[in-house]
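Visitor: I'd like to learn how to read a couple of features in a protein model. Could we look at one together?

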Amino acid sequence: AIAWQSEGRTAMGSRGPSYPGYGSRPVRIWGEHVSHRHLSPKNLINALLTLTVLLPSVFWVASLRRRCGTLDGGASSVGCGLYASHPDALLHLLFFANVTVGFWIVGLVQRSFWLIDPYWTLFPPLAAAFYGSRADRPFAASDQFAVALALLLVWSARLTYSYFRRENWKFGEREDWRYTDMAKAHGKHWWWMSFFAVGLAQQFMLCPLVYPFRALSESLGSEWSALDLVAAAGSSIGILVSWTADAQLHRYCNSGPYREGGSKPPVLSSGLWYLSRHPNYVGEQVFWWSLALFAVAREDYIALVGPAINSLVLLQVTHMTEAHMLGTWKSERRKREYREYARRTPAWVPLLPTTIFPTYQKEG
């Protein structure tokens with residue numbers, strides 16, 4: 001997402017904002033939304049980048065499997081030792097090299113950190129496959145592993161579809177607005193701060209989420225327990241809740257722009273959104289906490305770290321998202337309606353007391 005500005009005109013020839021002090025010199029605006037066509041070189045290059053950027057890690061893991069064998073033995077080397085005995089550490093090393101550093105470099109070159117967004121949906125299945133590759137029967141170490149992997153693939157398909165539908169089936173047209181806001185706030189220091197805020201932060205949010213697959217890959221032939229059944233049912237419910245909430249939000253957002261006196265309600269407060277201000281977040285939490293129960297059933301409690309971090313992050317994201325909406329909406333009526341909606345509707349869990357952030361205590 002690079003916008004070349006010259007004398008107030010964009011590279012596509014349409015009128016764009018001027019930036020005092022720069023004269024006619026081209027100015028790159030970090031992370032700004034710059035539209036491009038589906039068959040434009042930029043979109044095609046970004047699509048190719050999305051499909052191939054993790055191939056170095058994929059090929060290296062495949063070579064480890066060939067050289068090291070399975071969990072029962074294999075070649076002796078540092079890589080094989082990590083692969084067999086410390087897969088969590090190896091996953092973090094691969095993520096650091098390929099994503100934390102690799103995606104950060106791509107972001108610096110393109111001046112947009114859009115690439116991490118689609119990989120929030122694509123990385124977990126790849127990481128689960130990494131754990132599954134260590135077993136004698138790759139990707140089917142146990143029946144529970146196969147079921148958990150199938151659920152994760154459905155989760156990934158749902159979120160990937162939702163993401164690209166929101167992006168109008170384009171690659172890299174814009175980055176997450178939070179990164180753009182941080183870039184504007186930190187100015188010339190953003191290039192190095194982004195390594196920690198975008199690159200390194202994602203590592204500790206994403207990798208721990210897939211720890212349950214390590215426990216499942218090492219529990220060969222285990223019988224189904226009551227907790228396994230709860231994990232499978234809860235994960236399914238989480239997917240269904242998120243899918244329904246996203247569909248309702250999509251219909252609302254695509255019903256036309258909000259206008260004072262128009263037919264479109266100022267706030268989506270029907271369906272699942274009547275019960276919770278963020279039912280899609282609720283579905284996500286139900287999915288990840290339920291998935292972690294597969295590991296808890298095998299007395300692997302480290303897997304609870306992932307959903308715990310995810311919940312803490314989503315608490316902050318909830319606040320940031322609602323503050324962003326109230327800060328960007330122009331309609332005062334719409335702002336008042338949302339504050340009233342927030343007072344009567346819990347942020348996450350239905351039937352519990354509402355969570356009212358400080359934002360809603362003020363009319364300004």
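Predicted model: local features only at pLDDT ≥ 70, side-chain atom pairs only at ≥ 80, totals over all residues.

Visitor: Is Lys-170 buried or exposed?

Guide: Lys-170 is buried, because its relative accessible area is 8% and buried means under 20%. Glu-173 is buried too, at 7%.

Visitor: How many salt bridges does the structure hold?

Guide: There are 12. Among them is the one between Arg-166 and Glu-167, at 3.0 Å from N to O. Glu-167 also bridges to Arg-174, where the closest N and O atoms are 3.1 Å apart. Glu-167 itself is buried, with a relative accessible area of 4%, whereas Arg-174 is partly exposed at 30%.

Visitor: Now the nonpolar side. Which residues form a nonpolar patch on the surface?

Guide: Look for Leu-55, Val-58, Phe-59 and Leu-126, which together have about 340 Å² of accessible area. Helix H2, residues 55-68, supplies the largest share of that patch, with three residues.

Visitor: And why does Phe-59 count as exposed?

Guide: Exposed means over 50% relative accessible area, and Phe-59, which sits in helix H2, counts as exposed because its relative accessibility is 54%.

Conventions: Residues numbered from 1 in each chain as written. Heavy atoms only, no water. Patch = residues over 30% accessible without salt bridge, like charges linked within 9 Å, V, L, I, M, F, W, Y side chains within 5 Å. Areas by Shrake-Rupley, 256 points an atom, 1.4 Å probe, with all protein chains shown as cover. Salt bridge = Lys/Arg side-chain N within 4 Å of Asp/Glu carboxyl O. Helix = DSSP H or I, 4+ residues; strand = E, 2+ residues; numbered from the N terminus. Buried < 20%, exposed > 50% of the residue type's maximum accessible area, 1.4 Å probe, protein only.
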